[in-house]
Amino acid sequence: MRTAYSVDTVRAAEQALMARLPEGALMQRAAAGLAAACADLLRRAGRVYGSRVVLLVGTGANGGDALYAGARLARRGAGVVAVRVTPGRSHEGGTAALRAAGGHVVDGEESTTHEDWAGRIDLVVDAITGIGGRGGLRPGAAELVRRYTAHGAPVVAVDLPSGVEADTGEVTGDAVRADATVTFGAYKPALLVDPAAERAGALRLVDIGLDAELPAVPDLEALQYADVAALLPVPAAESDKYRRGVVGIAAGSTRYPGAAVLAVSGALRGGAGAVRYAGPGGEAVIARHPETLVHAGRPSEAGRVQAWVVGPGLGDGTEAVEAVSDVLATEVPVLVDADGLRLLDVDVVRARTAPTVLTPHAGEAAALLGVAREEVEAGRLAAVRELARRFGATVLLKGSTTLIATDTPHTPVRVNPTGTSWLATAGSGDVLSGLTGSLLAAGLAPLDAASAGAHLHGLAARRAADGSPLAAMDVAEAIPEAWRDVRA
């Protein structure tokens, strides 16, 4: 499992560790890890000896890490130039070390001295602001980044790309776009949450000994294959369809019968022992999935279930309002998606005694919060946390990085690492709803069901697309393969 911690938490852990280490030891650990990562990249592209490396350095410890790493590369035969963003100011010890190793240090306005390198730089190291930066790059720094990356040299960010907000993943101005990020001690939220995560490139975590100083509960966590495999329900010898979990689906309408089919498909592929469908799309559902138990009346009259999914394709008519109200009145876990989200009453959701899961995309989340969509997309972490708090629910915020938050105090937000842009296709959210509903019915806690559902959904889309266009039903049909991949 990948875990991420806030800037304040990481800094407190570093201070505690530094108090027990010789002066400068922590920075040397970071520099050694950074130099090794840079050397790996240079070797893949050709060589370390004779390569040309530019360090863009700020005035703080982030710049010091890069300068000491640059000294190590220079001692291995690389040509290294450190360009100071603030004239005359850089980490004193790191600057001396680089010069002693044969590297050069210049100020930003003097860096034209090395413009003969243009187009022949092998690596740019971004060490401008690190985790302490706020509000995007200053104009001078942004210009230096443009100058030294204009010819396509790969960029390695030190700790995180300069210009992004470390704790939130927001990007409020100019920011570095890295090909790789080498981070120290622990991941920071911005490395896992878009839009900042999209600028981080490949991630490499360098162990500098912080683990014993970090709290047991992180701010964010991203489940890996083994974590998801441990959550997935596997039938026992004595299992029957009812013990495996029966999920109810209240979805679709005469106008959108396909939403019902897709939600049922996701539930069946997701391992439900049985699926009960309630709504006007029964004919279309039976035509595609004859094993479905169809009921044309109220959801609460369809028979016993362990969880309900309500909302996809319902529309906003009287029948839709009644279906949402009827499902929310039950005493089993309920997942609300799509049209159902527009019909929610926050007081009704908060009054439920059974768990509720909400699965909005950015536009739906914005409507629920009463803000602009752009505000949600820019601050996804804040949005998902506020929705969970306001509704007293588990919230799965769909998007370029899917986030799952719960209203339970001291519980990390989960980040799904398997998302893919191929999921931007009509109906894929309906499949996710059915899949997650089946996991709720199997007995998974809401946070686990939503996390595992998002993980499998992303893997299924990658499997089905394989670099080519796909439709939502393709995603549903690939869920069993994703399940096998996780458990392999």
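Biologist: Which residues line the largest cavity?

Modeller: Rolling a probe the size of a water molecule over the atoms shows where empty space is left. On a 1 Å grid over the protein atoms alone, a cavity is a set of points where a 1.4 Å probe fits but cannot get out, a pocket is an open set with protein on both sides within 12 Å along at least five of seven lines, and lining residues have an atom within 4 Å of a point. Here the largest cavity is lined by Glu221, Ala222, Leu223, Ile404, Arg414, Val415, Asn416, Pro417, Ser451 and His455. This is a predicted model, where local features need pLDDT of at least 70 and side-chain atom pairs count only at pLDDT 80 or more, while totals for chains, interfaces and linings use all residues. Residues are numbered from 1 along each chain as its sequence is written, and side-chain values use heavy atoms, with hydrogens and water left out.

Biologist: How much space lies in the largest cavity?

Modeller: A volume is the space filled by probe spheres set on the points, with grid points joined across faces, edges and corners. The largest cavity holds about 50 Å³, and a search of the whole structure finds one cavity of 30 Å³ or more.

Biologist: What is the volume of the largest pocket, and which residues are closest to its centre?

Modeller: Its volume is about 720 Å³. Of its 35 lining residues, Gly60, Ala61, Asn62, Thr129 and Ile131 are the closest to the centre. Helix H1 (7-18), helix H2 (25-45) and helix H3 (61-75) each give at least two residues to this lining.

Biologist: And the second largest pocket?

Modeller: That pocket contains about 610 Å³ of space. Among its 29 lining residues, His361, Lys398, Gly399, Leu423 and Ser428 lie nearest the centre. Helix H15 (428-441) gives the most to the lining, with four residues.

Biologist: In what order do the strands of the open sheet run?

Modeller: Two strands pair if DSSP finds at least two bridges between them. The seven strands follow the order S4-S3-S2-S5-S6-S7-S8, with parallel pairing. Strand S4 (104-107) and strand S8 (202-206) are the edges, each pairing on one side only. Inside the sheet, strand S5 (residues 123-127) and strand S6 (residues 155-158) pair over three bridges, and Val125 stands opposite Val156 in S6.
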